[in-house]
Amino acid sequence: MRKKSIIVTGGLGFIGSNLISMLLKQNYNVINIDKISYSSNFYNTKSFRNINNYRFYRCDINNQKKIMFIFKKYKPICVFNLAAETHVDRSIDNPDNFIKSNILAFFNFLECFKNYSKRNIKTRLIHISTDEVYGDILTGRSKENDAYKPSSPYAASKAASDHLLRAYIRTFKIPAITTNCSNNYGPKQHPEKL
């Protein structure tokens, strides 16, 4: 029986590479798509780089032609989207990269997933976002039904991608969810995130 395939975008990063490691241990074929930016690190994938059920593609999620090729070739049952510009201070210094990656590139990726999922109705998209879309939480914790109040270009760009995905779920009935987790810490973390 053929192993089921899962795509992870942004898989050279801290969270993505840990997710890939877990998926490989569960015996999935894992396809890692990463455009290779400052926070990408091939060291993160060193332990499984030569495993048969792991593939890497250097690709920006903005590249619809290549993304569709990868979808059609591997027919994933699930796609985890972790590809994003993520650092608040960098978004203040240069918002342009955040708008291009987190909104425009995500839109192009979403169009690919929409078209792919029409013919592959059992596939799922899991879009990894952030709790920063809810703004500054002075006491307690944010909740999924809190109003969006982003306070940085990074948070605003992720809020835009969340809203875009919600619109696609409702309008085009794509099978997808958004997660809005807080900061993550652990092995393989990029130093600036600490």
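**Aromatic pairs**

The count comes to 9 aromatic pairs. Rings of Phe, Tyr and Trp (its six-membered ring) pair if their centres lie within 6.5 Å; planes under 30 degrees apart count as stacked, over 60 as edge-to-face and the rest as tilted. This is a predicted model, where local features need pLDDT of at least 70, side-chain atom pairs count only at pLDDT 80 or more, and totals for chains, interfaces and linings use all residues. Residues are numbered from 1 along each chain as its sequence is written, and side-chain values use heavy atoms, with hydrogens and water left out.

Take F71 and Y116. Their pair is tilted, at 5.1 Å centre to centre and 45 degrees between the planes. F71 lies in helix α2 (residues 64-74) and Y116 in helix α4 (residues 95-119), so the pair ties together parts 45 residues apart in sequence. Helices (H or I, at least four residues) and strands (E, at least two) are DSSP runs, numbered from the N terminus. Both F71 and Y116 are buried. Buried means under 20% relative accessible area, exposed over 50%, partly exposed in between (1.4 Å probe, protein chains only).

Next come Y134 and Y148. Their ring centres are 5.3 Å apart and their planes stand at 80 degrees, so this pair is edge-to-face. Y134 and Y148 both lie in the loop between β5 (124-128) and α5 (153-172), so the pair ties together parts 14 residues apart in sequence. Y134 counts as buried at 5% relative accessibility. Y148 is buried too, with a relative accessible area of 18%.

Back to F71. Ring pairs link F71, F109, F113 and Y116 into a cluster.
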